[in-house]
Amino acid sequence: MHITTKALVLRGVDYKESDRILTLLTQEQGKLTASARGCRKKGSAIAAGCQLLAWSELVLYDYQGRWAVKEAAVERLFQGVRNDIVRLSLGCYFAEAAELLAVEGEENTPLLSLTLNSLHALDKMPEKPLALVKAAFEWKAMALAGYEPRMEGCAVCGTAPPEEPRFHLREGVLHCARCREAVGDGISMPLSPPALAALAYILHGDPRRLFSFQLAGEPLTQLADTAEAYLHTQLERGFSTLDYYKSLQLS
């Protein structure tokens, strides 16, 4: 059995002398695991298409009950990302998060499109602050995975927009500063009106224009810090790629 699909390489693990196990996010079948036999050999015809973060057209075949790569043709390598270690580390974080949020064998075109668009932003939109790209990816990815925050107004008193708005990380809701105790245990973080407007755009705007908004200064810091904290709180885990990205930011 053979299938032809376009796929983004989310992860690669070397094994044996020249092989690699790939985690792919495909157009038709969502997340798949496939072996790329011999891809690390010099002159391998499939080597380029099996690189981390490569967007490729792959021919996969069933090899002893598992997928294996027969052919790989590169569609895009996001070279601008590869040439910058900070952008590359952030792109790898996007891939690690997408791998966690995707379900094996379950089509997820929105998540694939989000990840590709975010890599495109890193590659071709140098004017966009990395904090903005990262925050937009995190908020949208969480929404697509079923963790979309409730933005209708204060979750306690209903005031819209909330007065001195805060976002509760565990409950995923907005609330007024004065309603903090009624929301329950956990951490709440401030989101100013400009940050809330940006969040509404990320969640409900045209996904093809995800990064077509402006935000800077303290509102951007609020949007970015809350996005990361919300993702960590809901998924209950960290990411080694994110740790590396943040270490580069501090160096």
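In what order do the three strands of the open sheet lie? In this predicted model, the order is β7-β6-β8, and the pairing is antiparallel. The edge positions are taken by β7 (173–175) and β8 (188–190), each of which pairs on one side only. From one strand to the next, the twist averages 35°. Between strand β6 (residues 166–168) and β8, the antiparallel pairing runs over three bridges, and R166 stands opposite P190 in β8. Helix α7 packs on this sheet and touches β6 and β8; the direction of α7 makes about 160° with that of β8.

Helix α7 (residues 217–235) also packs with helix α4 (residues 130–147), at an angle of about 35° and with the two axes 9 Å apart. The crossing of α4 and α7 is left-handed. On the α4 side, the residues in contact are A131, L132, K134, A135, E138, W139, M142 and Y147. These meet L220, L223, A224, T226, A227, E228, Y230, L231, Q234 and L235 in α7. By class, the contact of α4 with α7 comprises 13 nonpolar, two polar and three charged residues.

Several backbone features fall in loops. The loop between α4 and β6 holds P161, and the peptide bond from A160 to P161 is cis, with omega near -10°. E164 is likewise placed in the loop between α4 and β6. Phi of E164 is near 50°, a positive value in a residue other than glycine. F78 lies in the loop between β5 (66–76) and α1 (79–82). The relative accessibility of F78 is 4%, so F78 counts as buried, the limit for that class being under 20%.

A further loop residue is E28, located between β2 (19–26) and β3 (30–36). With a relative accessibility of 45%, E28 counts as partly exposed, because this value falls between the 20% and 50% limits. Leaving aside residues up to four places away in sequence, E28 touches T4, T5 and E107. E28 and K6 are 22 residues apart in sequence, and their C-alpha atoms are 8.3 Å apart in space.

How values were computed. Residues numbered from 1 in each chain as written. Predicted model: local features only at pLDDT ≥ 70, side-chain atom pairs only at ≥ 80, totals over all residues. Heavy atoms only, no water. Axes fitted to C-alpha atoms, helices over the stretch in contact; angles between N-to-C directions. Helix = DSSP H or I, 4+ residues; strand = E, 2+ residues; numbered from the N terminus. Left-handed = near helix turned anticlockwise from the far one by under 90°. Contact = heavy atoms within 4.5 Å. Nonpolar A, V, L, I, M, F, W, Y, C, P; charged D, E, K, R; others polar. Buried < 20%, exposed > 50% of the residue type's maximum accessible area, 1.4 Å probe, protein only. Pairing = 2+ DSSP bridges.
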